[in-house]
Amino acid sequence: MQRGRFLTLTGALAVLALSGCGAVNSAINSVIPEVDNMANLNGQVVEAVIGSGRATISGSVSATANFNDQTLEQVSKLKQLILRQSLSDATVTMPGGATAPTAFSLRNITLKVTLSDTAGARSVDASATVAGPVTFTRQGTTNTYIPTTKVEIANINFSGTNFSTVIAIVTASPSPNTAAGKLSLDADDTELPAGTKISFTLVDGKAKPKI
């Protein structure tokens with residue numbers, strides 16, 4: 001029985017070897033756990049104030065948080081750190097005299113995450129975009145709007161020349177470190193007039209180390 005298990009394991013490793021490095025890396029990545037809320041951005045509120053003057057207008061805002069150094073598995077072999085962060089339902093405050101819409105759409109929802117150490121000597125950023133459009137629908141007469149699909153900004157990818165910096169920030173002293181999330185978006189000013197405030201809470205943050 002022991003010999004059978006050994007042969008099975010040997011066979012599996014042989015298949016991986018024949019499949020090439022890609023298959024081996026994929027197998028290792030599949031068992032490296034994600035880190036929940038590594039940058040400690042969950043619960044941070046970002047609020048955008050819509051501007052004016054164009055049919056499509058933009059707003060942007062930042063939120064910051066401190067996070068401690070982390071111990072990551074397979075750290076000597078890692079080549080990427082990929083973050084994903086979701087947005088809560090939208091809270092909308094209309095400017096004086098404006099009527100709240102039953103729904104509105106947002107496009108090019110981009111989250112740029114900047115990670116830096118306490119002394120500020122090391123800093124690196126990466127971003128990802130949900131192109132949309134994503135429609136948000138009003139809940140009754142409240143100022144809460146729920147998206148038709150979950151807004152998850154995935155594949156915020158720290159790799160290549162950025163990776164050595166980000167891994168030093170995340171795993172080595174000094175600590176704590178700082179994370180800043182800057183949200184930008186496009187909205188239609190026929191739906192959301194100038195002066196409209198949209199706020200989101202950052203939720204469900206995950207970090208996936210990969211070799």
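Colleague: Why does R84 count as partly exposed?

Modeller: Buried means under 20% relative accessible area, exposed means over 50%, and partly exposed is in between (1.4 Å probe, protein chains only). R84 has 25% relative accessibility, so R84 counts as partly exposed. Before we go on: this is a predicted model, in which local features need pLDDT of at least 70 and side-chain atom pairs count only at pLDDT 80 or more, while totals for chains, interfaces and linings use all residues. Residues are numbered from 1 along each chain as its sequence is written, and side-chain values use heavy atoms, with hydrogens and water left out.

Colleague: What makes the pair E34 and R84 a salt bridge?

Modeller: The rule asks for a side-chain nitrogen of Lys or Arg within 4 Å of a carboxyl oxygen of Asp or Glu. For E34 and R84 the closest N and O atoms are 2.8 Å apart, so the pair meets the rule. By this rule the count comes to 5 salt bridges.

Colleague: Which parts does the E34 and R84 pair tie together?

Modeller: E34 lies in the loop between helix 2 (21-31) and strand 1 (35-36), and R84 in strand 4 (residues 80-87), so the pair ties together parts that are 50 residues apart in sequence. Helices (H or I, at least four residues) and strands (E, at least two) are DSSP runs, numbered from the N terminus. E34, at 35% relative accessibility, is partly exposed.

Colleague: Which residues are linked in a network of salt bridges?

Modeller: E34, R84 and E152 are. R84 and E152 meet in a salt bridge at 2.9 Å, N to O. That pair links distant parts of the chain, with R84 in strand 4 and E152 in strand 10 (residues 152-159), 68 residues apart. E152 is partly exposed, at 31% relative accessibility.

Colleague: Is D117 buried or exposed?

Modeller: Its relative accessible area is 4%, so D117 is buried. The side chain of D117 meets that of R122 in a salt bridge (2.8 Å, N to O), and R122, at 25%, counts as partly exposed.

Colleague: How do you know that strand 6 pairs with strand 11?

Modeller: Two strands pair if DSSP finds at least two bridges between them. Strand 6 and strand 11 (residues 177-188) have 9 bridges in the antiparallel sense, so they pass that test. Here L115 stands opposite A179. Strand 6 (residues 103-116) is also joined to strand 8 (residues 134-138), antiparallel, by 4 bridges, with L106 and V134 as bridge partners. A further 8 bridges join strand 6 to strand 7 (residues 123-130), again antiparallel, and V113 stands opposite A126 there.

Colleague: What makes a group of residues a nonpolar core?

Modeller: They must be buried Ala, Val, Leu, Ile, Met, Phe, Trp, Tyr and Cys residues joined through side-chain atoms within 4.5 Å. The largest such core has 53 residues, and those with the most contacts inside it are L106, I109, L115, F158, L183 and F200. Strand 6 gives the most to this core, with 6 residues.

Colleague: Which residues does F158 touch?

Modeller: Contact means heavy atoms within 4.5 Å. Leaving out residues up to four places away in sequence, F158 touches several residues, including L81, L83, V113, L115 and F163.
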